[in-house]
Amino acid sequence: MENLIRNYTAYLEARLKEDSDQIDFLLSEERQDEANHKKVERNVIDIFMKVFKVSQKQSQGDLEKLEKAYLGFFEKLPSNWYANLEACKKNGQEDEAYIEELKIARKDELKIKFIEMMRVE
């Protein structure tokens with residue numbers, strides 16, 4: 001379990017740094033909209049990094065409890081994102097829908113990576 005925690009945390013930290021570097025680059029190129037989109041994606045990583053820490057505490061060293069707790073957040077947290085996405089599509093709010101799609105895609109990426117790392121553990 002310690003390897004999983006160490007490796008997944010390192011993955012999340014690397015993704016945060018990568019996104020931060022990309023944001024800085026985009027801003028230096030005066031590409032504000034793209035930088036804002038990248039900030040949204042970075043914020044999703046930050047959220048899931050925080051709930052990963054919460055899941056670790058809740059699991060009390062039990063790998064199955066960690067998996068259940070953390071994967072549960074992937075269902076609970078984005079439920080509003082899906083609802084907002086549908087509402088935006090229904091109302092023709094393409095820009096807002098795109099933001100929700102970014103959040104959902106990043107969430108899916110993090111979930112897949114966690115599951116892959118769980119299999120190794």
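The expected span of a helix is taken as 1.5 Å times one less than its number of residues. Helices (H or I, at least four residues) and strands (E, at least two) are DSSP runs, numbered from the N terminus. The model is predicted: local features need pLDDT of at least 70, side-chain atom pairs count only at pLDDT 80 or more, and totals for chains, interfaces and linings use all residues. Residues are numbered from 1 along each chain as its sequence is written, and side-chain values use heavy atoms, with hydrogens and water left out.

The protein comprises five helices and zero strands, in the order α-α-α-α-α from the N terminus. Its C-alpha trace spans about 45 × 35 × 20 Å along the principal axes. Of its 121 residues, 36% count as buried (under 20% relative accessible area, with exposed over 50% and partly exposed in between; 1.4 Å probe, protein chains only). Where contact denotes heavy atoms within 4.5 Å, 67% of the contacts between residues at least 6 apart in sequence join residues at least 24 apart.

Helix 1 has 27 residues and reaches 39 Å from its first C-alpha to its last, close to the 39 Å expected at 1.5 Å a residue. Its buried residues include Leu4, Ile5, Tyr8, Leu12 and Arg15, and the elements covering the buried residues of helix 1 include helix 2, helix 3 and helix 5. Just after helix 1, glutamate 30 takes a positive phi of about 60°.

In helix 3, the 14 residues should span 20 Å at 1.5 Å a residue, and the end C-alpha atoms are 20 Å apart, which agrees. Leu66, Ala69, Tyr70, Leu71, Phe73 and Phe74 are buried in this helix; the buried residues of helix 3 pack against helix 1, helix 2 (32-59) and helix 5 (94-120).

The axes of helix 1 (residues 2-28) and helix 3 (residues 63-76), lines fitted to C-alpha atoms over the stretch in contact, come within 13 Å and cross at roughly 25°, on a scale from 0 to 180 degrees between N-to-C directions. Helix 1 is therefore roughly parallel to helix 3 (angles under 35 degrees). At this contact, Leu4, Ile5, Tyr8 and Leu12 of helix 1 meet Leu63, Leu66, Tyr70 and Phe74 of helix 3. The contact residues divide into eight nonpolar (Ala, Val, Leu, Ile, Met, Phe, Trp, Tyr, Cys and Pro), no charged (Asp, Glu, Lys and Arg) and no polar (the others, Gly among them).

Lysine 103 lies in helix 5 and counts as buried at 16% relative accessibility. Residues up to four places away in sequence not being counted, lysine 103 touches Val40, Val44 and Trp81.

Conventions
Angles under 35 degrees count as roughly parallel, over 145 as roughly antiparallel, 65 to 115 as roughly perpendicular and the rest as oblique.
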